[in-house]
Amino acid sequence: MRIVSLAGGIGGARFLRGLKAAAPDAEITVIGNTGDDITLFGLRVCPDLDTVMYTLGSGINEEQGWGRADESFTVKEELAAYEMEPQWFGLGDRDFATHIVRSQMLAAGYPLSQVTEALCVRWRPGVRLLPMSDDQTETHVVVSDEGGRRAIHFQEWWVRLRASVPAEQIVLVGADDARPAPGVLEAIRDADFVILPPSNPVVSIGTILQIPGIRTALEEKTVVGVSPIIGGAPVRGMADACLTAIGVSTSAQAVLELYGSRLVDGWLVAEQDKGVSLDGVTVEARPLLMDSPEATRDIAAAALTLATTLQA
Ligand code: GDP
Ligand code: CA
């Protein structure tokens, strides 16, 4: 069985762990979001790719959901002592090593897809992890504050401001000229079906869908999505702030409509959202809280079963 899954960070990575457990023999290709990527202290940081890599490679800080386990912050403290900005982004010592390796390889001319493959030699995530594109794209957010109306990097809005200032617009800078990374369209073409995990529909899944060619390729396939919204709220995080910014309400129904029936064939919602429906989409209600490895595996298994049924 060949499965393609898109993925953001925490929600995507946790779901993928369940997917691997539900389909241990499947060949899984993950198309990761790189819209969150940022250059800090001269180093290229890819938060969502790293969250997937560390989670599936057993190096993640489990409680936090991102960053390395057993982490220390000496470099961060030393940078702060030099008054180096930004100080709002937490990079740990172990994590720094990943960004150093990546930046060195990028500077030597390797594309991000090859760099990611090289990093995965150590982490053995058990999936093929591809960035959505080798071309640099960055999500920027338009806000108005005491500094006037300006666009800031997504990470500054999300991490420094905790999405407390309303986003007037969310833009993937560089999207128009970006091409899918090598292997992305081929993996979609060769997949038996595609899973959309419960990742952020705007700045994780929505970002990947903006890379020219990806959405069209996915529309040809059987696609099953898992709702990231349960009972009108994102389970954790601030995804509602992103949905509001693009004029979509925070509900499993609205996210389904955002993806649309051309893209999605099956949609898993939580039991309290069982009224959700859209022409041309099979909706199933079941527990969707990824609160244990078993529960997460069951969600993934349900997505696989639905996809198999729809594909037949
Ligand atoms: P990020 O890049 O780290 O923000 O992670 P993702 O984009 O992959 O996933 C974040 C989304 O996962 C959040 O917006 C939540 O709505 C969703 N999420 C987190 N935990 C759960 C869960 O237990 N169940 C479901 N259905 N969604 C979840
Ligand atoms: Ca992210």
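**Ligand surroundings and helix packing in a predicted model**

The model is predicted, local features need pLDDT of at least 70, side-chain atom pairs count only at pLDDT 80 or more, and totals for chains, interfaces and linings use all residues. Residues are numbered from 1 along each chain as its sequence is written, chains are lettered from A and ligands numbered from 1 in the order in which they are written, and side-chain values use heavy atoms, with hydrogens and water left out.

A backbone N or O atom of Ile-10 is 2.9 Å from an oxygen atom of ligand 1, and for a backbone N or O atom of Gly-11 the distance to a ligand oxygen is 3.2 Å. Asp-48 places an N or O atom of its side chain 3.2 Å from an oxygen atom of ligand 1.

Helices are DSSP runs of H or I with at least four residues, strands are runs of E with at least two, and both are numbered from the N terminus. Axes are lines fitted to C-alpha atoms, for helices over the stretch in contact, and angles run from 0 to 180 degrees between N-to-C directions. The axes of H4 (residues 93–107) and H5 (residues 112–123) come within 10 Å and cross at roughly 140 degrees. H4 and H5 are therefore oblique to each other; angles under 35 degrees count as roughly parallel, over 145 as roughly antiparallel, 65 to 115 as roughly perpendicular and the rest as oblique. In their contact (heavy atoms within 4.5 Å), Thr-98, Val-101, Arg-102, Met-105 and Leu-106 of H4 meet Leu-112, Gln-114, Val-115, Ala-118 and Leu-119 of H5. These residues comprise 7 nonpolar, 2 polar and 1 charged, where Ala, Val, Leu, Ile, Met, Phe, Trp, Tyr, Cys and Pro count as nonpolar, Asp, Glu, Lys and Arg as charged, and the others, Gly among them, as polar.

Helix H2 (residues 47–56) packs against H4 at an angle of about 120 degrees, with the axes 12 Å apart, and the two helices are therefore oblique. Asp-50, Met-53 and Tyr-54 in H2 meet Asp-95, Thr-98, His-99 and Arg-102 in H4. By class, this contact holds 2 nonpolar, 2 polar and 3 charged residues.

The axes of H2 and H5 come within 10 Å and cross at roughly 25 degrees, which makes H2 roughly parallel to H5. Leu-49, Met-53 and Tyr-54 in H2 meet Leu-112, Thr-116, Leu-119, Cys-120 and Trp-123 in H5. The contact of H2 with H5 has 7 nonpolar residues, 1 polar residue and no charged residues.

Two backbone features lie in loops. Most residues other than glycine have a negative phi, and most peptide bonds are trans. Glu-85 and Pro-86 are joined by a cis peptide bond with omega of about 0 degrees, and Pro-86 lies in the loop between helix H3 (74–81) and H4. Phe-41, a residue other than glycine, has a positive phi near 55 degrees and is found in the loop between strand S3 (38–40) and strand S4 (43–45).

Key
A polar contact is a pair of N or O atoms within 3.5 Å; within protein, one must be able to donate a hydrogen and the other to accept it, and residues adjacent in sequence count only if both atoms are side-chain atoms.
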